[in-house]
Structures are given as structure tokens and as C-alpha cells.
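Dear colleague,

Please find below the structure that I am handing over to you. My notes on its contents follow directly after it.

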Amino acid sequence: MAENKTPEKKTSNQTKKRAQKGPNQRLRQRSAIIIMVILVLGFGATLLRLAMLTVFQGSELQERAVDQQLADTTLTAKRGTIYDANGNVLAESASVWQVVMAPINFKTDEQRAAAAKGLSEILGMEYDNVLEKTKGKSYYSVVKRKIEVEQRDKVLELINTLSENYDCDGVISLLDDYKRYYPHNDLASCVIGFAGADEQGLEGVEFEYDKYLAGTPGRIVTAQNARGTDMPFSYEQNIASKDGNNIYLTIDQNIQAICEKYMAQGVTEHNVLNKGVCIAMDVNTGAIKAMVVSPGYNLNDPYKLSPEAQAEIDKLPEKEQSKAEGEALSAMWRNKAVADTYMPGSVFKMCTASMALEEGKVNDNSTFVCGGSMVVGDKTIHCHALGGHGGQTFVQAICNSCNPAFIQIGQLVGLNKFRDYYQGFGFSEKSGIDLPGESDDSFWEEGSMSEVDFAVASFGQNFGITPIQMITACAAVSNGGYVLQPYVVSKITDSDGNVVKSVEKNVKRQVISKATSDKMNEILGYNTEQAGATSGYVAGYKVAGKTGTSEKIGVVKKQSTFDEDYIAIL
């Protein structure tokens, strides 16, 4: 019996041990699984976050890191020079300087006070503002830009004084800078335009060709420590600026000066209220030799209004003055030669005459009768000669500038052909001149032109074109019939004189034949020598021309930007 009890006791003990170990083992297993899940999720989330940072946000974070570690100081590029057709300087950037401070190099409040006092007196700045700059933690802090020689010399003296009397070195320095100058003040102001304080072109060629003139700014790249403070100069890198390209205009300074002189005289003598415009073009190339809007403005002081304009603004309530000043400045800068439309009047008759000749509707023997007026539809349209011209030849009709005769000539051409030639001469499109702000013409929509509209359009009334469109058409009448694209820039060169871009004449189309052009030159030459435009005759030269005075009749499709009742044209 004793032998049988021993195995049973052993088995019972093993079962009891297994029963005791079972719950603990399962607990450990569950714990291990939970730990594994936590580890997998934790490492998975970490790896996912790392992938997001490196793959998807890597570039952005690198840029932010560079921004935190580096500080930039911009070095101004020298803006290119603008020359006239003969190489005379019309706009240039002269050397000036910017005052730069390294406030981190100050050791004592006495040094800061001495530097602030000296700079504020020299530069005309508030002492407290300059003193605040001395308390920074940077190697580069711009105090003032564009100081000239006199102030520069005083700053150099101050640097020596601080070094000798205050043991203060390396706190103030001068960097090269540039300022735009216009040697002839208001000469060709409507063409050249001007650049702002930041050397960015704002008007004229300065604006239109800014990407060529501006150059590429340089940089001083400075390393920063973990506190965001600039590190010493040994950690900086200088990237030199690149000078802008130079521009050569088609404008001839001498021709421009002559045109401006006589335009100013004419504006004064005839009490012109809304400025005068003059354009001189090479009819064989489209190059603009002179472009005048009189009066112009001083390019070296482009924000100064005329005394008369300023006086009118000063009369307004204070809250209205700012807006009025902005409008007055915009009007002063506006290049009316390309941006404003006007009714061409009788000068347009050379186009109507060319149409009729080209279509074979008239010749030297054609005759027209003028009784002083002509009834068209429900309108009576008058001639400037109230008594009439009577019977007259085609040539006499042109020289007499007879409105009834040109109504008849227009009718011979026909409305559809008239519109075709209007477009052919370039009036229905912008000329494409390389100046900003060119306007569209204002003409009747196709199919909307009445009998009366066509009659007055035949002699240049009740539609609006720009002066640059008119002279482009005049050139076509005289140069063999070729419509050219006008331009004011002939070439662009880099700072070493290499040609970057060259502009050649661009022929758009031939609108009339050479025979028609030659005949018109003959007629218009006679007009200046012996007929109605003798004021345009110049002894020793062959001159062809047509005068005109436009008067507003009826309703204009789009209001002309010239608000007076009469516009004189030559």
C-alpha cells in the first residue's frame, strides 16, 4: 500500500505547480504582446514621422535651417546708363554710400552714445532712433542709404574719432550704393521716365526696360550662432553684384531739345490747357528721333508738382489732398503721345486721299464742289470756309482742307474700303512702341457706322486715335506705303560694351503703293511750299505736310482724353 501512494503524491504536486504557474505565464505572455505592440506602434510612428520630415518636408526644413543659420545683406547693383542716339548720357547711376553699423562690437554705453550722437548729427536723424540701433546684436545694421560725398567724408571723420577717443573700432562702415541722376533734368522726360528710391524703374524706358537696366544685386552672407547673433567676419561670404545693361535710345538729344523749345513756346503763346505733344520719326525705319509732352517734369525731382497744380491742391480740404496729389502726379507723368487719344482732324485727310488714289477713284483732274456746307442725312456739315471753295481740283481740295470735298472723296472710296484702309494704316491696333501705357483707338464697331459718322470720319472727326498711331500712318503715306513699328531703343549693351539686343526696323505691311506715296509727297510738298501749310516750310529742305484743327461734332463713341473743343495739329 505504501508503494502505491508515493506516485500519486508526486502527480498531485506537479498538477498543483502547473495550476499555480498557469495564470502567471499567461500574464507574462500578454504583457510581452502588449509591449511588442507598443514598440511596433511607437517605432512605426517614429519612422513615419521621420519619413514625413525627410521626404515630404525635407526641402522646407532645410530652407528654414539655412534661414536661421545665415543672415543676408543686399549689395545694390549699379543700374545701367541710358544714352541718346549719339552716345550722350541721359540717365546714369552715380556712386553714393550706405552707412552700416555693427552694434555687436560696441563695448560700453559711452561708445554707443558717441556713435549715435555723431551719426544723428551728420545724417539728420533722430538721436534716439540711432541709439536704439547701437543696442542690437548684429554685425550688419543699415543706418542710412544713399548718402553723398559731403556726408561720407564726415562719417569717415567720425570713424577716426571713435577709434582715437573711444577705443571703438569696427562699429561703423560704408558700403557702395548708387543713386539715379538725369543730367538734363526734364529733357525727354516722357520717354526716359524715372527710377524710384529702390532703383526700380517706374515710368518710361526706365520701367519698360527695367529687367535690362536693373542688374543683379550682390549679397553679404553672414553665419549666425545658436542665439541668432552674427558670427565674426571670418564666417561671411561676399557675392558681388552685377551691373545692369546700358540702353541706347533712338532719341537725338539735339532734335529733342529743339522740339521741346518750340513746343514750350507754342504751348505758352496759344494758351494750351492740356499739354502739347510732338513726335519726330524717321519715316524709313520707325525710329523715334524726338518725343515731347510739354510741359514735362524734372526727372531728378519727379514728385514735385508745378506751383499752379500744388496751389490748386492746397485749396482742397485736407482729407482730399492726398488723392488729388496722386492724380496730379499721374497726369504729370502721363505720356500723352502714346497714352491719350484725340480726334486727328484734317491731318487724317492725307489718309483718305491716299485711299482714293490707291483705289483709282481720283486723279489730278478730279473736281469737287464746295458751297460752304454739305447736307448728309439729317445733318448739315460745314466747311471752315463758310463761303465755300467753289469748284476745285483734287490737289486744291487737299490744300484747301475742304470738308465737303473730303466727304465726297470718302463716298467714292466707300464705307467698307474706308474701314479696310483704316485698319491697314494701323489705327485699329496699338503701334507696339516700346513704351508703357499705350492706348487703343476709339472707332465705330463694324456695322454701327451711320451715314453721318462716315461723312465726318472722312475728314478725321468723331473717332479717337493716339499721336503715335497718327505719325505711324503719316510715315506710311510718305515712305512708299510701309506701316512700320515705332521704337525708342536701338540697342542694349552689357557693362563691357557687348551688344545684348539690337533693334532693327520692323515692317508690318504695305498699305499703299509707292506710286500713291510719291504722288502724296508731291501734293503735300506743294502744300507746304505754296498752299495751306507754308508755316511748315523750311528753306533748303523738301517738306511735305498737312495741318489740321479738329472740332468735336455730335457724339463720340468713346470720350476723347482731350477735353477742349478744338485741337490744333501740324
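A search of the whole structure, which is a predicted model, finds 17 aromatic pairs; rings of Phe, Tyr and Trp (its six-membered ring) are paired if their centres lie within 6.5 Å, and planes under 30 degrees apart count as stacked, over 60 as edge-to-face and the rest as tilted. Helices here are DSSP runs of H or I of at least four residues, numbered from the N terminus. Phe-418 counts as buried because its relative accessibility is 0%, and Phe-454 counts as buried because its value is 11%; buried means under 20% relative accessible area, with a 1.4 Å probe and protein chains only. Both residues belong to one aromatic cluster, together with Phe-348, Tyr-422, Phe-425, Phe-427, Phe-443, Trp-444 and Phe-463.

Two rings carry a charge over them (NZ of Lys or CZ of Arg within 6 Å of the ring centre and within 35 degrees of the ring normal). Arg-152 lies over the face of Trp-97, 4.5 Å from the ring centre, and the charged end of Lys-491 sits over the ring of Tyr-248, at 4.8 Å from its centre.

Thr-516, in helix α19 (residues 514–530), counts as buried because its relative accessibility is 7%. Its side chain makes polar contacts (N or O atoms within 3.5 Å, one able to donate a hydrogen and the other to accept it; residues adjacent in sequence count only if both atoms are side-chain atoms). The partners include the side chains of Glu-358, at 2.6 Å, and Ser-513, at 3.1 Å.

As to conventions, residues are numbered from 1 along each chain as its sequence is written, and side-chain values use heavy atoms, with hydrogens and water left out. Local features need pLDDT of at least 70 and side-chain atom pairs count only at pLDDT 80 or more, whereas totals for chains, interfaces and linings use all residues.

Yours sincerely

Methods:
Buried means under 20% relative accessible area, exposed over 50%, partly exposed in between (1.4 Å probe, protein chains only). Helices (H or I, at least four residues) and strands (E, at least two) are DSSP runs, numbered from the N terminus.
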